[in-house]
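Please have the sequence and the coordinates open while I talk.

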Amino acid sequence: VNASIFVREYGFAAASNAAPTYALDPGQVISLQFNVTQTGNVPDSISVQFSSTGPPSVQRFRSTPRVVLGPAQRALVTLTIIASPSAKAGDTANMQLYLVSQNDSRKTSTFQVQVTVNHIYGFSAMLTDDHALLEPGQSATSSLALANTGNGPDTFTVQSLQIPPDWSFDFTQSTIQLEDNATVEVPLTVQAPARVDAGNVYDIFVRVGSEGAPVQTMQFSINISQVFGWSVAVTPPSGQVRGGTVFQLPIQAVNVGNGVDSIDVGLQVPPGWQGTLSRPVMAMLPYSNLTANALVTVDSEAVAGDYTLRFTFSTPHHYTVVTVPVTVEHVYQLAIEGPGYTLQLGQGDLNTFEVTVTNDGNSVATVIPRFEPPDGLNIIAVVQRADLERGATAVFTFQVIAERQAPAQLYNISIGRTRDLKLLLL
């Protein structure tokens, strides 16, 4: 008896170039391909089963749930994996692709793949105000607006570069930790020193670093405005001055402003006086001192008394007046003209003579006659006192009495600056 027997044989082979692990960036897509070849001798239906664990940020798709293949036929199964744009750093999914023959469950093939989301570093940084106009000693504020645009936590460092000496440029924080998509504003304070020249420009750089993103550098510019201010002093004469003399007054000026300034100097003197300035314009550098002199000539006919010199100091931003008191010394000068002849007297006799006094000084003079007559003579002033205005003249009358016991001889009597009066006693 001849009989034919057909033996059904089921089987398949599966192969793939997929690696066991993958690291994906947010938004990245990969496709893994699996080649299935029918190795049996009858058609077969092969089930494509898929399982996975992990967050929804990693999405998985298979191309088909089954393939039906005849002997020696081939099919391609694709597994697509998508890391969503919002995927967090470190998100991990474990996937398993399981192929099994629906006619012979012993025929299987398994593939395992692990996908992890990469940590993508990124941030944005900007200064809310990147410039300031400051006066000496003034401060300004700004802030650093910082946002973590990466998909995981990051630590940022803030550093200030090229800070000028004596300036302060301070952030409240130098290290900031932010979760992904988090933002913060870090306050900044800028303080100018007490002395800084007008017109200076300073550029300070702010460097922001990340654990993984490229460094970003920003610039903060500072301009210095001019502050005007100065003080002046004039040193008065150490004592009284005389008519016709020349004296010098030192002038001291201090520019307390932070820029170049020019002070116009004026001088008003009493009528008949003369005044000149060594520096009619005092050009001053910032924070500098400058000296000048005023040369004053007193009127030779100046009356004794108190006078005032008036100095003016002016700029477009400031004006001040300084008055300096000056006292002209009272110079006493009398011209005395006497009799210039010889008086003859007998013992017990009386005679008179006159003296003319002129005030050649520079103010009122009080004239009081004083004598020291020799023994035996008495001199009496008829006018005891005269107040003479400048240039005024007074005539003084004197009586001379010879005592009875006065010896007979020639007496010389001195009267001020006139020539001697000679008295001959007979």
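Predicted model: local features only at pLDDT ≥ 70, side-chain atom pairs only at ≥ 80, totals over all residues.

Which residue in β16 is the bridge partner of Leu 146? It is Val 184. Residues are numbered from 1 along each chain as its sequence is written, and side-chain values use heavy atoms, with hydrogens and water left out.

Strands here are DSSP runs of E with at least two residues, numbered from the N terminus, and two of them pair if DSSP finds at least two bridges between them. On that basis, β12 (residues 139-148) and β16 (residues 183-191) run antiparallel and are joined by nine bridges. β16 also pairs in the antiparallel sense with β14 (residues 168-171), over four bridges, and there Phe 169 stands opposite Val 190.

Turning to another sheet, five strands form an open arrangement with mixed pairing, in the order β2-β9-β8-β4-β6. Its edge strands, each pairing on one side only, are β2 (21-24) and β6 (66-69). Within this order, β4 (residues 44-53) runs antiparallel to β8 (residues 92-101), with eight bridges between them, and Ser 51 has Gln 96 in β8 as its bridge partner.

Asp 44 belongs to β4, and it is buried, at a relative accessible area of 2%, where buried means under 20% with a 1.4 Å probe and protein chains only. Its contacts, meaning heavy atoms within 4.5 Å, include Tyr 10, Val 68 and Gln 102 once neighbours within four places in sequence are left aside. Gln 102 is 58 residues away from Asp 44 along the chain, yet their C-alpha atoms are separated by 7.3 Å.

The other buried residue on my list is Asn 359, with a relative accessible area of 1%, which lies in β29 (residues 350-359). Not counting residues up to four places away in sequence, Asn 359 touches Gln 333 and Arg 390, among others.

Gln 333 and Arg 390 are also among the residues that line the second largest pocket, as are Asp 360, Gly 361 and Asn 362. A pocket, on a 1 Å grid over the protein atoms alone, is an open set of points where a 1.4 Å probe fits, with protein on both sides within 12 Å along at least five of seven lines, and lining residues have an atom within 4 Å of a point. About 160 Å³ of space lies in this pocket, the volume being the space filled by probe spheres set on the points, with grid points joined across faces, edges and corners.

Conventions. Buried < 20%, exposed > 50% of the residue type's maximum accessible area, 1.4 Å probe, protein only.
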